[in-house]
Amino acid sequence: MTWSLVSKSVEETVSVGKRLGALLQGGDFVALQGELGAGKTQLAKGIAEGLGVDPSIPVTSPTYTLLNVYSGRLPFYHFDLYRLHGGQDLLDLGFDEYFHGDGVCLVEWAERLQDMLPDDYLLITMSHVGDDCRSLSFIPSGSRGEQLIRLLMDDDNEKMF
């Protein structure tokens, strides 16, 4: 099962992230893919809000630090792998330990993980479809990924935005 939607503004992208963040549980893994400027960090901001991260703390893409850790109702591990060459770089840095913890992992540029993705995750691909519009496609791997899509779809039927 896959599910797609079109976000017509930054605010809508953040809103989708907020709803997803509210649904996430410890151990959940969200993989993001999309070109530069596709809205990955805006979605991450919404997820942080849904996880209860203090809104006064800026949620930024950890392009140079590779990992930002935020405290909310669960630890939120926000990775940006744009500068890495592959999964071995992640192993060398010891970041794979976060993938199997009690927090929520969100990985921008997840395609750089290659074969290191966990068995159960939610892949979200994002792309431009206009000046302010973004297409988001949700592709599950495993039962938890499928459950998250079903919950999001139910929420969309109740008008997510």
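Leaving aside neighbours within four places in sequence, Ser-7 is in contact (heavy atoms within 4.5 Å) with Glu-12, Thr-13, Asp-132, Cys-133, Arg-134 and Leu-136. The model is predicted, so local features need pLDDT of at least 70 and side-chain atom pairs count only at pLDDT 80 or more, while totals for chains, interfaces and linings use all residues. Residues are numbered from 1 along each chain as its sequence is written, and side-chain values use heavy atoms, with hydrogens and water left out.

Ser-7 belongs to strand S1 (residues 3–7). Helices (H or I, at least four residues) and strands (E, at least two) are DSSP runs, numbered from the N terminus. Ser-7 has a relative accessible area of 0% and is therefore buried. Buried means under 20% relative accessible area, exposed over 50%, and partly exposed in between, with a 1.4 Å probe and protein chains only. The side chains of Ser-7 and Thr-13 are joined by a polar contact of 2.7 Å. Such a contact is a pair of N or O atoms within 3.5 Å; within protein, one must be able to donate a hydrogen and the other to accept it, and residues adjacent in sequence count only if both atoms are side-chain atoms.

The largest nonpolar core holds 29 residues, of which Leu-20, Ile-124 and Phe-138 touch the most other members. At least two residues of this core come from each of S1, helix H1 (10–23), strand S2 (29–34), helix H2 (40–50), strand S5 (104–108), strand S6 (121–128), strand S7 (134–141) and helix H4 (142–157). H2 gives the largest share, four residues. A nonpolar core is a set of buried Ala, Val, Leu, Ile, Met, Phe, Trp, Tyr and Cys residues joined through side-chain atoms within 4.5 Å. Beyond its neighbours within four places in sequence, Leu-20 is in contact with Val-30, Ile-47, Leu-122, Ile-124, Leu-148 and Leu-152. A second, separate core has 18 residues, including Phe-79, Leu-84, Cys-105 and Leu-113.

H2 is mostly covered, with eight of its 11 residues buried. These are Lys-40, Thr-41, Leu-43, Ala-44, Gly-46, Ile-47, Ala-48 and Gly-50. The buried residues of H2 pack against H1, S2, strand S4 (75–80), S5, S6 and S7. Gly-52 follows H2 and has a positive phi, near 85°.

H2 also supplies the largest share of the lining of the largest pocket, four residues. Seven lining residues are nonpolar, one is polar and three are charged. Here Ala, Val, Leu, Ile, Met, Phe, Trp, Tyr, Cys and Pro count as nonpolar, Asp, Glu, Lys and Arg as charged, and the others, Gly among them, as polar.

Leu-66 lies between H2 and strand S3 (67–71). Leu-66 is buried, at 12% relative accessible area. Trp-109 lies between S5 and S6, and is buried at 10%.
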